[in-house]
Structure formats: structure tokens, C-alpha cells
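Please look over the structure shown here before reading the briefing that follows. The notes are grouped by topic.

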Amino acid sequence: FRSAQLVEWARRNSELRFVLDVKNRFDDAYRLARAAIGSPALGQSFIPQIYHFDQLEQFRADHFFAGEIFTSYQSGLSTTAILQAAERLQVRVVTLTRERVDQLRQVPASVVILTHPVDDAFDAARLRARGIRGIYTSYVSPASAPEVFAPWPNGCQPGSQWKECHFMTATSPEKTPSR
């Protein structure tokens, strides 16, 4: 996609969110992205992926984008330190490498955890059952693992003790959890 095509796609599909993963010339790339997107309202369709918590300031100053995702693969911080910083700085979504996810005793309820790479449908289902909210994949699709793509029931979060929150037993996203 060229940037103009992506912006037009976002304009026509307002329910979609696009993760922007800039690898270099960070400031220049996001200045160009803001210019191509144009309006802060449309900017809400885009979520920048950040690599260092000190990058938050440039995105939060103008609220142009729909929040941010902290990604851990370049970070020298421990997983515990990443999750504590995310909670303190109110970063709602963190991407942890598979190695970091596999070392977690429990998926925190305070932060949405995504992971990568996950290219096996059974592995994706196992991760979702643990409370991982999303995966980066090249192969898993709704056709190969529909349960992985089912909506989480309303009010459910990772670590929930509500039976209805376990996605494989949930019958409907509208079902009200009870203890």
C-alpha cells in the first residue's frame, strides 16, 4: 500500500485500526504520517508502535493517534519492568515477544498483551486461553482458527475467574459474566 491508499482505506473503513510500525527516522516518518492522514479524527484509525517509553510524549502531546502500543523486542528492560512502566504511564497495550510471554506466570489484567510470532493455530488458541489478547501472524486466519478471532465477552479481561470469560466456553459476547 502507498500512504494515500492506506488513508483512503481507513476513511472508508472507520471500524478498522492500523498499527504503524516505523523502524527508522521515527520523527520524520510520523511527521509525514500526520500530514498524509490529515485530520485528528482520521488519525484515530492509526496506532503507532513505540520502542521506548520516552517516545510517548510526542504522541500524547496532540492526541492525533488512537493511543500507542509498546513493543518489547528491542527493550533491555525486564518484562516486569515493562509491565510496571506500562501501568504507571497508562500504556494500555504491550507487545511481548513469545519468549517473554512464555515466562509470564500470569497475564496481567491491567494491560492488553499481544505477542509474536505466532504462526500455528493451536498455539494461537493456547495463548488466547491464557489471556493473550492478540497475535502477530503470517498464517493464522479466521478460517484456520475461528475461535481465536471470536470477540471476547463484554466485561471479560485476562485473568478473570468468570467461567463465561474463557473464550472457548463463551456462548455470546453479550452474555453477562457472573461469579
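The largest pocket is lined by 17 residues, and Ile47, Ala66, Gly67, Glu68 and Arg92 lie nearest its centre. A pocket is an open set of points on a 1 Å grid over the protein atoms alone, where a 1.4 Å probe fits, with protein on both sides within 12 Å along at least five of seven lines; lining residues have an atom within 4 Å of a point. This is a predicted model, in which local features need pLDDT of at least 70 and side-chain atom pairs count only at pLDDT 80 or more, while totals for chains, interfaces and linings use all residues. Residues are numbered from 1 along each chain as its sequence is written, and side-chain values use heavy atoms, with hydrogens and water left out.

**The largest pocket**

- Helix α4 (56–60) and strand β5 (112–116) are the elements that give two or more residues to the lining of the largest pocket. Helices (H or I, at least four residues) and strands (E, at least two) are DSSP runs, numbered from the N terminus.
- The space in the largest pocket is about 300 Å³, where a volume is the space filled by probe spheres set on the grid points, joined across faces, edges and corners.
- By class, nine nonpolar, four polar and four charged residues make up the lining of the largest pocket. Asp, Glu, Lys and Arg count as charged; Ala, Val, Leu, Ile, Met, Phe, Trp, Tyr, Cys and Pro as nonpolar; the others, Gly among them, as polar.

**The sheet**

- Six strands form an open sheet with parallel pairing, in the order β1-β2-β3-β4-β5-β6. Two strands pair if DSSP finds at least two bridges between them.
- Strands β1 (18–20) and β6 (134–135) are at the edges, and each pairs on one side only.
- Five parallel bridges link strand β4 (residues 93–97) with β5. Thr95 has Leu114 in β5 as its bridge partner.

**Tyr73**

- Tyr73 sits in the loop between β3 (69–71) and α5 (79–89).
- Tyr73 counts as partly exposed because its relative accessibility is 38%. Buried means under 20% relative accessible area, exposed over 50%, and partly exposed in between (1.4 Å probe, protein chains only).
- Apart from neighbours within four places in sequence, Tyr73 is in contact with Lys23, Tyr51, Thr97 and His116. Contact means heavy atoms within 4.5 Å.
- The side chains of Tyr73 and Lys23 are joined by a polar contact of 2.7 Å. A polar contact is a pair of N or O atoms within 3.5 Å; within protein, one must be able to donate a hydrogen and the other to accept it, and residues adjacent in sequence count only if both atoms are side-chain atoms.

**Two helix residues**

- Arg126 belongs to helix α7 (residues 121–130) and is partly exposed at 37% relative accessibility.
- The side chain of Arg126 makes a polar contact of 2.8 Å with the side chain of Asp123.
- Leu42 belongs to helix α3 (residues 40–43) and is buried, with a relative accessible area of 10%.
- Leaving aside neighbours within four places in sequence, the contacts of Leu42 are Val7, Ala10, Arg11 and Ile37.

**Backbone features in loops**

- The peptide bond from His116 to Pro117 is cis, with omega near -20°. Pro117 is in the loop between β5 and α7.
- His63, in the loop between α4 and β3, has a positive phi near 50°.
- Gln90, in the loop between α5 and β4, has a positive phi near 60°.
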